[in-house]
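Please look over the notes below with the sequence and the model open beside you. They go through one part of the fold at a time.

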Amino acid sequence: MTFSPEPTVSVKNLEVVFSDASGVVHALRDVSFTLPHNSFTTLIGVSGSGKSTLLRVLAGLVEPTKGEVQFNKRQPRVGLVFQKPNLMPWRRVIENISLPLELENIPKEEIRARAQELIELVGLEGFEQAYPRDLSGGMAQRVAIARSLMQDPDLLLLDEPFGALDALMRERMGDELLKIWHARRKTVLMVTHSIAEAIYLSDKVLVLSPRPGQIILELTVDLPRPRTPEVRYLPAFGDLVHELRDCLSEENNPSNLTGKPFPYKQEC
Amino acid sequence: MKIPTLQRLLMLVISLSLGVWVWHLLASFLRLPAFILPGPTLVWQRFLQTLLSGQLIRHASVTLLEVVAGLLVGGLSATILGYLLSKSPTFENLISPYLVASQSIPIVAIAPLLVIWFGPGIFSKVLICSLTVFFPVLINTVVGLREVPQDLRNLMRSLQATPIQTFRKLEVPAALPIFLGGLRVGATLSVIGAVVGELVGSDRGLGFLINVARGQYDTALVFVALFTLMMMAIALYGLVLLIESRLLAWQSWRQK
């Protein structure tokens, strides 16, 4: 797959240190990568490896201690989907999706039209007037995805969006997400815990080590697109799963060998 | 479980008539003098009498004015202060000793002082009402704003919402249920505040009417004033409930 030469985001030597009453936490260390234009990248790592922190830095919610995040344009728009759908319970489905554009000076009719379009894209026709309490977990997450697309973001960040769903629903939502991604090409960075999900969805998988998080593997996924469930049975898929699992396994976890964080970067 | 409205209304009527009947039996069987326990018939006669003479309306409207004015003044100032408190921990640390101290004094105990300072007119009563309303509304404003989910705050930040947008689209609707709960408590407390103020010293209002009737051993009139106060408190409570059900339609699962 080819991309336009300029990546949407370049992250260079990113470092994030939190300090609070209990001491200093080194969340991320020397993290560098690029997100090519319109590519789908997943970020994987054990709990506490700073995946969410990295996402928050890209979303502008956390200031990096060192290093820089460079977008290919000024004032980029970033769409954010959290693990929980995070809908406003007092707003109907269509009102939740409309929220991002209500914050800008855009005529009401135009907002409605765009929201309606996205409702159809995520397959929620007929639920426009429902309140979030009447939605299932999968439906609520679709609303959240539609909302994140409302501003036509340059970068879409997904923080374990299907983490709260059961395994079957999760696979279905993955396919759904790919469908949406093919319809509205976006640069996507998604955090996940699932190795199979990471490979199935992405062009590239980034593996983050335990704290302080460093990228220990950049795995290019060269599987044919559009991906169908049969892709999972290709030998190449199995090889990639194998490689990723080895990298994430205990033996390669540097902090387990020495009992404390490794002072240098350990590549897989 | 949802009971049909008509059936609920019927139950209410039955329950109230039963209460009146028991009251009637008590008054007639115990053969108590009317100044100890007047029967329902006597109280009803007294009620019609004071209603037709305009006496009841005159006093009730004074009390109602005090109650509503107190609710507005106390509620509004508590909301503004509550918002500031939830925004600034420094401000909260600065103010909270006074808040706690003011709440440790019963309103009943400072009512005489307020009447001495501000006279026996309406103003001192409005002040007492405001003070009783103030605290529950303040607390619920602060709690309501604190309970706004951090994830939704992050969402608004990632959407680059201005502080005013965050206030209008997130903080107000999110804090509203808890805030209105405080207002509901405040509405009934305001009635108590007004009566306390009037009992301490006044020349008008239902509290004044109770004082006068008590002096004349006109116990039936005391009952009339008490029932009027009760109606007033229930009506105010119901009004806030009505506002709640209008504004919080999305929460209709609560009633289910």
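This is a predicted model: local features need pLDDT of at least 70, side-chain atom pairs count only at pLDDT 80 or more; totals for chains, interfaces and linings use all residues.

**Notes on strands, cores and the chain contact**

1. Six of the six residues of strand β7 (residues 187-192) of chain A are buried, so the strand is largely enclosed by the rest of the structure. Buried here means that 20 or more other C-beta atoms lie within 10 Å of the residue's own, exposed means 12 or fewer, and partly exposed is in between, with C-beta atoms placed from the backbone. Helices (H or I, at least four residues) and strands (E, at least two) are DSSP runs, numbered from the N terminus.

2. Residues are numbered from 1 along each chain as its sequence is written, and chains are lettered from A and ligands numbered from 1 in the order in which they are written.

3. β7(A) pairs with strand β3 (residues 40-45) of chain A in the parallel sense, over five bridges; two strands pair if DSSP finds at least two bridges between them. In this pairing A:T42 is opposite A:M190. Strand β6 (residues 155-159) of chain A also runs parallel to β7(A), again with five bridges, and there A:L156 faces A:V188. From β6(A) the chain passes through helix α5 (residues 167-183) of chain A to reach β7(A), a right-handed β-α-β crossover. Right-handed means that, with the strands pointing away from the viewer, the path from the first strand over the helix to the second runs clockwise.

4. Strand β8 (residues 204-208) of chain A is mostly covered, with five of its five residues buried. A:K204, A:L206 and A:L208 point one way, and A:V205 and A:V207 the other. β8(A) is parallel to β3(A) over five bridges, with A:T41 opposite A:K204. It is antiparallel to strand β9 (residues 215-220) of chain A, also over five bridges, and A:L206 stands opposite A:E218. β8(A) and β9(A) make a hairpin with six residues between them.

5. Seven of the nine residues of helix α1 (residues 51-59) of chain A are buried, so the helix is largely enclosed by the rest of the structure. Among them are A:K51, A:R56 and A:L58. Just after α1(A), A:G60 has a positive phi of about 80 degrees.

6. The largest nonpolar core has 67 residues, and A:L58, A:I97, A:A146, A:L157, A:V207 and A:L244 touch the most other members. Such a core is a set of buried Ala, Val, Leu, Ile, Met, Phe, Trp, Tyr and Cys residues joined through C-beta atoms within 7 Å. Helix α4 (residues 137-149) of chain A gives the most to this core, with six residues. Apart from it lies another core, of 48 residues, among them B:V62 and B:F208.

7. Between the chains, 17 residues of chain A are in contact with 13 residues of chain B, where contact means C-beta atoms, placed from the backbone, within 7 Å. On the chain A side, α2 (93-102) gives the most, with three residues.

Definitions and conventions:
Two residues are in contact if their C-beta atoms, placed from the backbone, lie within 7 Å.
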